[in-house]
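Student: I have a new structure to look at. Can you walk me through it?

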Amino acid sequence: MSSQEDQFQPAPPAPADSSNDDGMTWWYRWLCRIAGVVGGISCALAGLWNCVTINPLNIAAGVWMILNAFVLFLCEAPFCCQFVEFANAVSARADRLRPWQKAAFYCGMAVFPVILSLTLTTFLGNAIAFVTGVLYGLSALGKKGDAISYARIQQQQKQMDEEKLTGTIEPQAL
């Protein structure tokens, strides 16, 4: 083989990405990411608005909301944080988390400011960040089963219940 043929050899297949084995489709993954970015924007704006007060709990909730926005941007859209050196490392680590872990983290992160100061600003500002957690939680549940398998399971349970009532349970061969 000549050196020119070496240049055009097909690249070996890339190793399987660990984030693709969680059962999420590409559009749902993008929906979660977009919800995270919009949630970060709403947290940042509402957090800034919350900080313009003299109530210390509102200020604490506003600062927490701004931190939530930063974490959401870091995990879901690291290109928004190019000035932070560790943004890509944090994003890669967040991508390796399971969807239920992201759901628990995002929902818990969004509930804390609302507990600190229950106002309309904190509630609406954290709502989209909470929805991001709910979307990841729904993806952790997995795909919906088909109706045929559910009907078969239901029929088997009904048959077992009838056998228990009549007392005609016979051992089944495996």
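**Salt bridges and cores**

Tutor: K102 counts as buried, at 7% relative accessibility. Buried means under 20% relative accessible area, exposed means over 50%, and partly exposed is in between (1.4 Å probe, protein chains only).

Student: What kind of model is this?

Tutor: It is a predicted model: local features need pLDDT of at least 70, side-chain atom pairs count only at pLDDT 80 or more, and totals for chains, interfaces and linings use all residues. Residues are numbered from 1 along each chain as its sequence is written, and side-chain values use heavy atoms, with hydrogens and water left out.

Student: OK, back to K102. Which side chain does K102 meet in a salt bridge?

Tutor: The side chain of D95, at 3.8 Å, N to O. A salt bridge is a side-chain nitrogen of Lys or Arg within 4 Å of a carboxyl oxygen of Asp or Glu.

Student: How many salt bridges are there in the whole structure?

Tutor: A search finds three. D95 also meets R33, at 2.6 Å, N to O. That pair links distant parts of the chain: D95 is in helix α4 (residues 87–96), R33 is in helix α2, and they are 62 residues apart. Then E76 and R33 meet at 3.7 Å, N to O. E76 sits in helix α3, 43 residues from R33 in α2.

Student: What do R33, E76, D95 and K102 form?

Tutor: A network of salt bridges.

Student: Is R33 buried or exposed?

Tutor: R33 counts as buried, because its relative accessibility is 18%. E76 is buried too. D95 has a relative accessible area of 23%, so D95 is partly exposed.

Student: New topic. How many helices and strands are there?

Tutor: Seven helices and zero strands. Helices (H or I, at least four residues) and strands (E, at least two) are DSSP runs, numbered from the N terminus.

Student: And which residues touch the most other members in the largest nonpolar core?

Tutor: C32, Y106 and Y136, out of 16 residues in that core. Helices α2, α3 (56–76), α5 (99–116) and α6 (120–141) each supply at least two of its residues. A nonpolar core is a set of buried Ala, Val, Leu, Ile, Met, Phe, Trp, Tyr and Cys residues joined through side-chain atoms within 4.5 Å.

Student: What does Y106 touch?

Tutor: Leaving out residues up to four places away in sequence, Y106 touches L72, C75, E76, A129, T132, G133 and Y136. Contact means heavy atoms within 4.5 Å.

Student: How exposed is L31?

Tutor: L31 is partly exposed, because its relative accessible area is 38%.

Student: Last one. Where does UniProt put "transmembrane region"?

Tutor: The unreviewed entry's annotation covers residues 30–49, 61–84 and 105–136. UniProt positions are in the numbering used here, feature names are shortened, and annotations may be inferred rather than shown by experiment. In this model, residues 105–136 are 91% helix and 0% strand, with end C-alpha atoms 10 Å apart.
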